[in-house]
Amino acid sequence: MVTNKKKVLIIGGGFGGLFTALDLAANADVTLVSDTDHFCFRPLLYEYLSGEVEAWHIAPDYKELFNAEINFVRGAVEAVDFENQTVKVSTRQDSFDYNALVLAVGGVTNFWNVAGAEDFALPFRGIADADELRNQMTRALDKVSPTLAPQDAREKLTFAVVGGGASGVELATKMSDLLTDAFRRRGLKGEPHVSLLEMSNQIVPGMGEDIRSYVEKTLLDKHIDVHLQTEVLEVKSHGIICEHNGKQTEIETVATVWTAGVKVNPLVERLNLAKDKDGLILVNQTLQVKDFDNVFALGDIAKVEEVAPILAGTAQLANQESALAARNIRAFFDGKDLKTKPFEELGEALSLGTHNAAVLVAGNVIGGALARDARFALYTSRLPTWHHRLKVGASWFFEGTTPRPLQPLGYS
Ligand SMILES: Cc1cc2nc3c(=O)[nH]c(=O)nc-3n(C[C@H](O)[C@H](O)[C@H](O)COP(=O)(O)OP(=O)(O)OC[C@H]3O[C@@H](n4cnc5c(N)ncnc54)[C@H](O)[C@@H]3O)c2cc1C
């Protein structure tokens, strides 16, 4: 379609890129390039693992979200020529040109060069990762017979989650509930064994004391084996070696899941832009990249000096930045002044198993089923597009959000 609107090219369709595209659709000729065909609402990925939500709820195809106003190109961006304002995409011969560019390619799992981690630990960032973990849990359960002694069943169903931040806690509690439910349904003796390993001296570092005590109590209730001040030295195909107080221990596992860090996307490493010591692109408060007024960066790859550390690397920051980026791109095209905006912390909400959550409301921690419902309601309102929100909200309201048990493979 030929238009006389200015061309905005957006690289990455996550919380930063997708929401910028939707915001700008009516004002510019918008093209979004992504290496996947779907968005992923990651805060509900744990619920996808447990079958409380389905893939179409949290990972809708871009083509379903976009009307004719947004062009979608599937492919990985390989290079950007900032001087000539062109972008090379893996799936296309010709480069794309732009009047304004938005860089929003997000992060990738950081295995911190721990031996074996990249080869053997499972990342947990997308639908395919959750599918793989669910398969590994089911396959492991299928190998355990109801006649097995409790200690042997526990050994055969040992999983490790590396990283005791919000993500590790949410994942460990969800896995524990799913596995415990499967023990009961399959008549297995004993209980599963989920270990949570954290290098610092507390879980959910950075969060408030009230929410931490609630989380600690929940982990205890669910018999999750928490190891603090414990460093993972090596990941093997079926185990980990870790160190605590100078003593090394080997734990045999079915699988090890890695939630202990994010680093910038490799594409960003190749871009010749000003960056900080962690490789984040330095942007000013208008989200413009230093030296290129028509290039904006946001989300997990961008560093805005003034942002509170607790907000860094979160969907809520990327989301707020997308509104500012869209507003400033409109102003840039109209020759108006670009704005800045303070980014706010919008609160904390943690999933804590299949029937529990913790939500911080006006400084108070609310837990239990009410918090779980509140979290679902909050996240429904944050899904992209009204149309999608209505479809998903109706599905959750009428069909419910009951977890899908880990049935034996081949069982339908
Ligand atoms: C399991 C999990 C749970 C989380 N829960 C929360 C939460 O509860 N609350 C919260 O605030 N934050 C949460 N986060 C963090 C949040 O998801 C990120 O901060 C947020 O997604 C960052 O948005 P972004 O737009 O920068 O990147 P992303 O959302 O990661 O999007 C980047 C997009 O770029 C695409 N891409 C990458 N490379 C290329 C390329 N070369 N070419 C084209 N496209 C490319 C990717 O496929 C992706 O679609 C969670 C993260 C994880 C992993």
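Two strands pair if DSSP finds at least two bridges between them. In this predicted model, strand S11 (residues 193-197) and S12 meet that condition, with three bridges joining them in parallel. Within this pairing, Leu197 has His227 of S12 as its bridge partner.

**Domains and the parallel sheet**

The domain assignment divides the protein into domain 1 (7-35 + 75-109 + 263-346) and domain 2 (117-261). The centres of domain 1 and domain 2, taken over C-alpha atoms, are separated by 35 Å.

S11 and S12 belong to an open sheet of five strands, whose order is S9-S16-S10-S11-S12 and whose pairing is parallel. Strand S9 (122-123) and strand S12 (225-227) are the edge strands of this sheet, and each pairs on one side only.

**The antiparallel sheet**

Another open sheet has three strands in the order S13-S14-S15, with antiparallel pairing. Strand S13 (230-236) and strand S15 (247-252) stand at its edges; each has a single partner strand, so one side of each is left without a neighbour in the sheet. From one strand to the next, the twist averages 25°. The antiparallel pairing of S13 with strand S14 (residues 239-244) runs over six bridges. Lys236 has Gly239 in S14 as its bridge partner.

**Strand S2 and its partners**

Strand S2 (29-34) is mostly covered, with five of its six residues buried. S2 runs parallel to strand S1 (residues 7-11), and five bridges join the two. In this pairing Leu9 stands opposite Thr31 of S2.

| Strand pair | Sense | Bridges |
|---|---|---|
| S1 and S2 | parallel | five bridges |
| S11 and S12 | parallel | three bridges |
| S13 and S14 | antiparallel | six bridges |

**The shell around the ligand**

The ligand is surrounded by 31 residues, and the closest are Gly12, Gly14, Gly16, Gly106 and Gly299. The elements that give two or more residues to this shell are strand S2 (29-34) and helix H11 (315-334). H11 supplies the largest share, three residues. By residue class, the shell divides into 13 nonpolar, 14 polar and four charged residues. Both domain 1 and domain 2 give residues to the shell, so the ligand lies between them.

**Ser90**

Ser90 is placed in the loop between strand S5 (86-89) and strand S6 (96-97). Ala79 lies eleven residues from Ser90 in sequence, and the C-alpha atoms of the two residues are 9.2 Å apart in space.

Conventions. Residues are numbered from 1 along each chain as its sequence is written. This is a predicted model: local features need pLDDT of at least 70, side-chain atom pairs count only at pLDDT 80 or more; totals for chains, interfaces and linings use all residues. A residue is near a molecule or strand if its C-beta atom, placed from the backbone, lies within 6 Å of it. Helices (H or I, at least four residues) and strands (E, at least two) are DSSP runs, numbered from the N terminus. Ala, Val, Leu, Ile, Met, Phe, Trp, Tyr, Cys and Pro count as nonpolar, Asp, Glu, Lys and Arg as charged, and the others, Gly among them, as polar. Domain bounds come from an automatic or database domain assignment. Axes are lines fitted to C-alpha atoms, for helices over the stretch in contact, and angles run from 0 to 180 degrees between N-to-C directions. A residue is buried if 20 or more other C-beta atoms lie within 10 Å of its own, exposed if 12 or fewer, and partly exposed in between; C-beta atoms are placed from the backbone.
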